[in-house]
Amino acid sequence: MGNGIAHLFAQYGFKVNLIDVSEKQLAKALETIGKNLDRQVAKGVLEPAAKESTLQNLTTMTSITAGISDVQLVVEAATENVDLKLKIFKELGEEAPEGCILASNTSSISITKIAAVTGRAGKVIGMHFMNPVPVMKLVEIINGYATEPEVTGTIVDLSKTLGKVPCVVNDYPGFVANRILMPMINEAIYTLYEGVAGVEEIDTVMKLGMAHPMGPLQLADFIGLDVCLSILRVLHDGFGNPKYAPCPLLVNMVTADKLGAKNGEGFYKYTPGSKELTVAYRR
Ligand SMILES: NC(=O)c1ccc[n+]([C@@H]2O[C@H](COP(=O)([O-])OP(=O)(O)OC[C@H]3O[C@@H](n4cnc5c(N)ncnc54)[C@H](O)[C@@H]3O)[C@@H](O)[C@H]2O)c1
């Protein structure tokens, strides 16, 4: 997600410092951004010269302190782990320039909780991009309990400048996108677990019957089954309602390290360079 967000801002003329703890991830990010820019040029959505100017707007670094010393906005997109986010936001609160807005791309962690450790809760907001960032139109903007209206206004305007459609929501578990999406994915997994139908049948019903571009099981593979499980746990803990309890099959698959597209197997098998969809899960 970090490379997609950096790509988008750089493409629209913003100077971006892309920060990661891992040099390897930064090199991979630049490679991915280059390939995605080539794809945009080939599709005719970007002028060839824009590739070079986008890349020139990007600087990679491994130090948060150096990367945020003179910025007006930070968009955090580190691993979805509450302790990690709290550590990062405490550091951002201490070191970011005064007035700098601190946004998080978190899919599920409370913006109010993240804001509480910064010492500038009014300047903290959720800026939830969808994957793949340069393509997907929506930005779900999440107001924490203390987010200042001016900050929301700035992020709404900025999202429009980036060619996106902003949608402002309040900070409750799962916000809107995942509160609705994850129970659907969980129900699809229950449908498989109970033997109502197979992987292809479930995905085909939802694709052709509901005009979804991708079935819920394939979508879960792309999001990452570990990520789906962690969001369902946030919903389950946050609302205390058993309807959000993750399906035991999802728990088993994550325990068995079947995490979806990112590590080669989830409900489907993924071979690098191949677009063929082969079902991996057989009851
Ligand atoms: N994957 C999706 O479809 C999706 C969609 C919307 C939002 N999100 C959210 O975006 C965020 C990132 O998700 P992802 O799927 O890209 O995760 P990822 O695990 O693929 O990437 C996270 C990156 O953060 C880096 N990182 C870890 N600790 C760091 C630190 N202390 N400082 C700097 N970098 C650090 C890691 O090296 C890694 O490169 C999460 O909050 C997630 O909920 C993900």
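Reader: Which polar backbone atom is 2.9 Å from an oxygen atom of the ligand?
Author: One belonging to Met 1. Keep in mind that this is a predicted model.

Reader: And which side chains have an N or O atom at 2.8 Å or 2.9 Å from a ligand oxygen?
Author: Gln 25 has a side-chain N or O atom 2.8 Å from an oxygen atom of the ligand. For Asn 105, the distance from such a side-chain atom to a ligand oxygen is 2.9 Å.

Reader: How much of the ligand does the protein bury?
Author: The protein buries 77% of the 840 Å² that the ligand exposes when taken alone.

Reader: How many residues surround it, and which are the closest?
Author: The ligand is surrounded by 17 residues. Asp 20, Gln 25, Glu 80, Lys 85 and Ser 107 are the closest.

Reader: What's the shell like by class?
Author: There are 7 nonpolar and 7 polar residues, plus 3 charged ones.

Reader: Which element gives the most to that shell?
Author: Helix α5, with 3 residues. Both α5 (82-95) and β5 (124-129) supply at least two residues each.

Reader: Which residues other than glycine have a positive phi?
Author: Phe 175 is one of them, with phi near 50°. Another is Ala 211, at about 55°. Most residues other than glycine have a negative phi.

Reader: What span should α8 have, at 1.5 Å a residue?
Author: Helix α8 has 17 residues, 177-193, so it should span 24 Å. Its end C-alpha atoms are 24 Å apart, which agrees.

Reader: Which α8 residues are buried?
Author: Asn 178, Met 182, Ile 185, Asn 186, Ala 188, Ile 189 and Leu 192.

Reader: How are they arranged, seen down the axis of α8?
Author: They line one face of the helix, because the buried residues fall within an arc of 155°. An α-helix has 3.6 residues a turn, so residues three or four places apart point the same way.

Key: Residues are numbered from 1 along each chain as its sequence is written. This is a predicted model: local features need pLDDT of at least 70, side-chain atom pairs count only at pLDDT 80 or more; totals for chains, interfaces and linings use all residues. Side-chain values use heavy atoms; hydrogens and water are left out. A residue is near a molecule or strand if one of its heavy atoms lies within 4 Å of it. A polar contact is a pair of N or O atoms within 3.5 Å; within protein, one must be able to donate a hydrogen and the other to accept it, and residues adjacent in sequence count only if both atoms are side-chain atoms. Accessible areas come from the Shrake-Rupley method with a 1.4 Å probe; for residues, only the protein chains shown count as cover. Helices (H or I, at least four residues) and strands (E, at least two) are DSSP runs, numbered from the N terminus. Ala, Val, Leu, Ile, Met, Phe, Trp, Tyr, Cys and Pro count as nonpolar, Asp, Glu, Lys and Arg as charged, and the others, Gly among them, as polar. The expected span of a helix is 1.5 Å times one less than its number of residues. Buried means under 20% relative accessible area, exposed over 50%, partly exposed in between (1.4 Å probe, protein chains only). The arc is that of the directions from the helix axis to the C-beta atoms.
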